[in-house]
Amino acid sequence: MGYLDLGVKMGRKLTALQETAREFGREVARPAGIALDRLNDPADVIEEKSVLWDVFRGFRERGLHRLMLPAAFGGTMGKLPSMATALLAEQLGYADGGLAISLMVSGMPFSFAMMSSHAEIRNWARDYAEDTRGEMIGCWAITEPDHGTDWIMGVSKAGSDPRLAPGLTAVKKGSEYIVNGWKAAWVSNGTIATHAVLHVGLDDSLGVHGSGIALCPLDLPGISRGKPLNKVGQRALNQGEIIFDEVKLPEKYMLIHIPGVFGANPFGHAFLGAANSTMGATFAGLAWAVLDESLDFVRTTSREGVLLADREDIKIRMFRMFARVEASRLLARQAADHFLAMSAGPVSSVMNRFKATYWTVGKSLHAYLNAYEKYAFVRNLAERFDNPEKPHKLTEWGKYGVASKITATETAYDVAGEAVRIFGDEAFSPQRPIEKMLRDARASMIEDGVNDGLALATYESI
Amino acid sequence: MGYLDLGVKMGRKLTALQETAREFGREVARPAGIALDRLNDPADVIEEKSVLWDVFRGFRERGLHRLMLPAAFGGTMGKLPSMATALLAEQLGYADGGLAISLMVSGMPFSFAMMSSHAEIRNWARDYAEDTRGEMIGCWAITEPDHGTDWIMGVSKAGSDPRLAPGLTAVKKGSEYIVNGWKAAWVSNGTIATHAVLHVGLDDSLGVHGSGIALCPLDLPGISRGKPLNKVGQRALNQGEIIFDEVKLPEKYMLIHIPGVFGANPFGHAFLGAANSTMGATFAGLAWAVLDESLDFVRTTSREGVLLADREDIKIRMFRMFARVEASRLLARQAADHFLAMSAGPVSSVMNRFKATYWTVGKSLHAYLNAYEKYAFVRNLAERFDNPEKPHKLTEWGKYGVASKITATETAYDVAGEAVRIFGDEAFSPQRPIEKMLRDARASMIEDGVNDGLALATYESI
Amino acid sequence: MSFRNIDIPVDETSRAILKELEKFTTGVMRPAGIELDACSAPADVFADTSPMWGVFAAFRALDLHLVDISEDLGGFGQMDGVTGVLAAERLGYADAGLAIGLTAASAPFRLAAQLNTPAMGDLARQFCEDRQGAMIGCRAIFPWQKNLDNMLLAHEDGDGYLISGQLPGVVNAAIATHGAFDVSLASRDQSKSRGLAVIPLDDPNISREIPETVSSQRSFPRGTLRFADVRVPRECVVSEKDVPLNDINISFVIGLNRFLAAVYAGLAGAALDEALAYAKKRVQGGVPIFEHRNIRLQLFNMFKMAEAARAAVQRLAAGHDQQGMSQTWLHTVAARSLAAETASHVTSEAIQIFGGYGLAREFPLEKFFRDARLGLVEDGISEDLAIDAMLQV
Amino acid sequence: MSFRNIDIPVDETSRAILKELEKFTTGVMRPAGIELDACSAPADVFADTSPMWGVFAAFRALDLHLVDISEDLGGFGQMDGVTGVLAAERLGYADAGLAIGLTAASAPFRLAAQLNTPAMGDLARQFCEDRQGAMIGCRAIFPWQKNLDNMLLAHEDGDGYLISGQLPGVVNAAIATHGAFDVSLASRDQSKSRGLAVIPLDDPNISREIPETVSSQRSFPRGTLRFADVRVPRECVVSEKDVPLNDINISFVIGLNRFLAAVYAGLAGAALDEALAYAKKRVQGGVPIFEHRNIRLQLFNMFKMAEAARAAVQRLAAGHDQQGMSQTWLHTVAARSLAAETASHVTSEAIQIFGGYGLAREFPLEKFFRDARLGLVEDGISEDLAIDAMLQV
């Protein structure tokens, strides 16, 4: 009859955000996701007249993309409680798992841009905030055909094995990097993105730890795209290869230009945790959607003259579905919020109004990276973050983000599987999104890292 | 390397409480639980020189029993954040699942006593608060040999079926009730309790809904006890039958003397939810203990020359155990806290200092019950609580208490089973509490209601 | 399929049959299934130029479609049960959708042979003589359904019946020439009884519909049949008043569900084989992932489940052979439920072993995964059959 | 055990053997197991007056302890594999702990018969002639363990060996007169090799210990054997240099694990039977709980799992019979793992059906539940065996 927001203070702002997201999901994303899922050729998903673009525009017009940007660049970050991001991801996942990924990852290069030491790049964030037509689309170009789980192992010591080094490399030549290699077909927004957070190999001898991060406009000469990936679930989500052939990347685009800085340290854990806690909230939302669809179904469908909801077996199975969904939703929300709340607070909500803050951030990061390369004492200092006896709070937290992702995606998959068994033939009817939700959930257990790989990489921080 | 208290503000008071409970668990309850588990005859558990009494005394001496009592009667309720109860139950479950039940249920008649309209009975609460020697021990006498799940069905409409009516009945005769029947061997503290919350059948035609509640001293003539139950798990927890043979119960002891008042209504759900959310926190604690034991084991044990914690399969299984335990712990804490927080707040924390408050509560309840019997408009008013379109917040919440119990007990059972497989033969070594924890968890899936029965009864409120 | 070393042994003739069958399942059926799955529209599967027709023709050349039709009528005669399930496993290994379609195509004729009235016997004989593959059957028989209102209605009318109603989710709906269906027989005095109709489907009052979107077993989509007062001759319909229809139906669905169990066990085996091969090839962390203990444990658990499903259905057949089918409904439901769950689980785990590649259409796994799910609900939801079947304990 | 109707058929002689066995398992073994489980101290099980001795005597009267010892030596000869697992199921149905103890009691003598050196042959013959039950064996053989340092150490000394070391968790440790053990053979030149010792246990330098607390299979507690320079004659020990020890050991553990699989499948069946009977009797909500759909679904799932485990082990035996054991290690590990998991799960679910009564010692379920768990880890942790066995794929 209703769900509680356990552990969340739902004030006016959060309620309004949730309502906007819910309306967008119900009216725009859910129906679009179902329609796009049916297209047999994934090229049709991104063609000019595709409903996909209504989804992008609808999301931006409602200002939902601004949540990940600070006020200085026209965003709303810090104006809402830190729980806002989890609630938004949850509502998007409730509407459509694939489109949720597409919309959320779309802002990633522009959030990262704020940390650049170049004003030109930092201003991408403003351009993105103002782009209501969906002309700027970001992607996260990390996974490679031969290196999937290897990337995740980067947060553990095993990540320094040279055999794990990325295939896509960037070699400095004057004021440019020459980039060669390719990113795998699982890059979300891969064939439609205009900008990428691009992970490049800088020093093979350090394995994954030898990689750097570029913020890369995807219209540079030498960049081409593969065919959109044809896949089992989340078919509304565009994915595809990005190929780099002797691409000349000006050095200003290289955000992390020193290898070895990140890796088996708190920042690696925070990065992994942050990506995964958003995944967690998204697929907890999908699990929730399955629960609601199922409740609606059993309360309106009779078999052999008996309402399904009047059968004991069905009642118990539905209650158990409820318990699992709510447990995963709670974990996803609290895990995501805990991280964001670390950096929130009155000071930062004032600070983030000023561009100067980000000038400082960008310059400091750049200076730190250079110092890290130059001075042994900085490297030693950095290593102290790594003390397993007294782990950094980011490391402590990272594992919760991963736990949330594993729990939510598997809950979504399991409850969708259970729903298929309850719906029977009806699950396969085009009128019902249930079988689609199962396929969407199926993909999520691999997206952003195969679940067992995530567990393996994160185990040490328990 | 450490656990986070997601969604909890751990202030000084909570931290102190948690530390006291943890010390009690580590030094007193855990070793006692292991020793008591080994006794082959459950009569030895309660014999005079049994370490069980050290547990009762240790708990009371540390004042931990006062948490469930208001300041007016010498308790600490309201002086601590509402999360305190869940944290205490969690720590007790971490130490020993069976003893946790024994200690928590022990206070139940005395907490209920505060609602009596008789000052003499209300003062039981004070006596209990002051009893550091463990001379007053309560029990919850509800389950009967032929009515287990039937009681739980009381929160649903099905509970009005006359076939579900309790076997133990109370018939008014002058100023006394004549009580006949028996309570089942699963009554916790059954053979050692001095007082009981006693559910009695008042009107068979109303099924379970026709029951009332007495606060019954167990030294009345005609009351006898069965042999302590010999059972698979939670062997440190005394359980046994209580038999009533023409017992004359003075009417002052009858707290709820009007049948039909509770049942398929918000109060029934709240009652079920409250009992179950404590169970949830307790067994989330047990699950947590299994996790810690297992982590310690894999990090200190080698097989075939390899540390278990260095094996990929073990790392993944341990991470998954971590994820499940933390999800259940989070749900248990938040579910328990949500209910207690409803009645907490500045007003109640002042009010609960005054005995007069409870004078009013007792008199009001009594007056309400009489009015309910006498006036149709009161009954109609009560029925409005029952509106499925706009359920009461207690009904909304009750299902989370049940979800927490199901989730926590099954998590504890599953992780203990997984731990047995990891420990191998070692799980069965008397030096390890793992196999015992599995048996303790096994019992919890039936205690306070068979999990499927709870799901069945609560389904309608989803 | 790997791991055949402890299959219940069959005689040499059966081994030869299975070997021939395997040429077909490997060389024809699996590749055709993958091609059909990729059709832009589900209805394309049934187009004149579709490779589906080649699959039917090649299968019929093996004469296995005549199994269980007596030799008198020109059929293959009985096949021993173990050979039957080993054959069905191989069909399921190749393509679950086609496997079910190929077998459903014989169903009305097998029933006709069993009823063996003059008209029914003739129909069966005709089927055995049909070397062109012109006759294709379909079926919808659910003996556990007690409610006569849920069936096709057959009104007595003149010297025949008028049939009306609709049947969703029928295998071969698009191409069947004949069908065997539960019917509710309404006689002139309005009394109702259960019947079985074995009828031709060439009447213009019969319409067929294939859904525009199909996900599971897209290589061979089910469809809906609609009957609008379709006139059929009296001899096409038998009533439970005249023949022991319940026994016939139960024995039919026992056979069907045993077959389905074997098909889904075979599908699980197909996913397991792909996962094993991939794990030995795919390098991650510098070594083939098979070197990692967690991967071997995962593969072992898949192996354990797939082989348990195969064991359950093989034992079912071995037991049947000796002791007759009648008392095996509960075991049959259990085997089918186990096999379908196993197929769902093992195909999903195989995707997980493949990682991102497991999700892509280029590899067969995601198709196996989609195909498996229908097994849990087709021809009766597992749980509903189970709860009903338990009553016989 | 219910649901035997589709068991793989055996011949009349075997049926007669199973019938006799069942009188023993039902009339003697089950009640004794329950009585022994309730002993105040685990060591009491082995007291002179313990009913355990009656169980051993009654079992030996059936001559099944001589199975797999050749008739030349006075043994029973080979028993067909299916009969073997059907017998083991019945033993497990009665009491898992005793089942394992009764069979372990023959192990060293069966190995001696197989090695059949003059001394070993004599030992086996002696065992076959022992009508008093004076000879009781135990064993500790783990061919997958590669590390010689984890075994008993046998030092060459004079014309024999000095054995030292300890073995925990040995079945029959309290009462065995003979044992067969992996040993690490240290010759005079300090080189080490693997050996198998089949030795008497009457040396005063051997000590035995039964733990004070036992939970799983309390009816027949395992114990620790300690060897402090125990002198044994040379002919009691064979080296892998002289005989194909690995083959012998592997074939031994294949037999053992197949037996264990059947025992735990039988235990699952025992719990299922109790739950079914109870569900039809117990009234809740005004009707027997069997009337509730959820209870029937739960029972069905227990049935499905228990029968899948039985099918897996029966097929294993049926396959073995035809094709020899050598290639079946992986399937054997899978069957044992499945059966032990099934027993753990089904006994737990049966407790859930019983509700509070399921937890109480008055009913046999909680004992079944405790007994089942050891099956997941005894004689090798399932997962470790599996991860190792997968390497052979």
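This is a predicted model: local features need pLDDT of at least 70, side-chain atom pairs count only at pLDDT 80 or more; totals for chains, interfaces and linings use all residues.
Chain C contains twelve helices and ten strands, and its C-alpha atoms fill a box of roughly 80 × 45 × 40 Å along the principal axes. Because a compact globule of 393 residues would have a radius of gyration near 21 Å, the 21 Å of chain C agrees with that expectation. Of the 393 residues in this chain, 58% count as buried, and among the contacts in chain C that link residues at least 6 apart in sequence, 77% join residues at least 24 apart.

Helix 5 of chain C, which covers residues 107–115, has eight of its nine residues buried, so it is largely enclosed by the rest of the structure. The buried residues of this helix are C:Ala107, C:Pro108, C:Phe109, C:Arg110, C:Leu111, C:Ala112, C:Ala113 and C:Leu115. Just after the helix, C:Asn116 adopts a positive phi of about 50°.

Turning to the other two chains, 37 residues of chain A are in contact with 37 residues of chain B. On the chain A side, at least two residues come from each of helix 11 (312–343), helix 15 (393–423) and helix 17 (451–458), and helix 11 of chain A gives the most, with 16 residues. The table sets out the classes of residue on the side of chain A that touches chain B.

| Class | Residues on the side of chain A that touches chain B |
|---|---|
| Nonpolar | 23 residues |
| Polar | eight residues |

Terms used. Residues are numbered from 1 along each chain as its sequence is written. Chains are lettered from A and ligands numbered from 1 in the order in which they are written. Helices (H or I, at least four residues) and strands (E, at least two) are DSSP runs, numbered from the N terminus. The radius of gyration is taken over C-alpha atoms; the globule rule is 2.2 Å times the number of residues to the power 0.38. A residue is buried if 20 or more other C-beta atoms lie within 10 Å of its own, exposed if 12 or fewer, and partly exposed in between; C-beta atoms are placed from the backbone. Two residues are in contact if their C-beta atoms, placed from the backbone, lie within 7 Å. Ala, Val, Leu, Ile, Met, Phe, Trp, Tyr, Cys and Pro count as nonpolar, Asp, Glu, Lys and Arg as charged, and the others, Gly among them, as polar.
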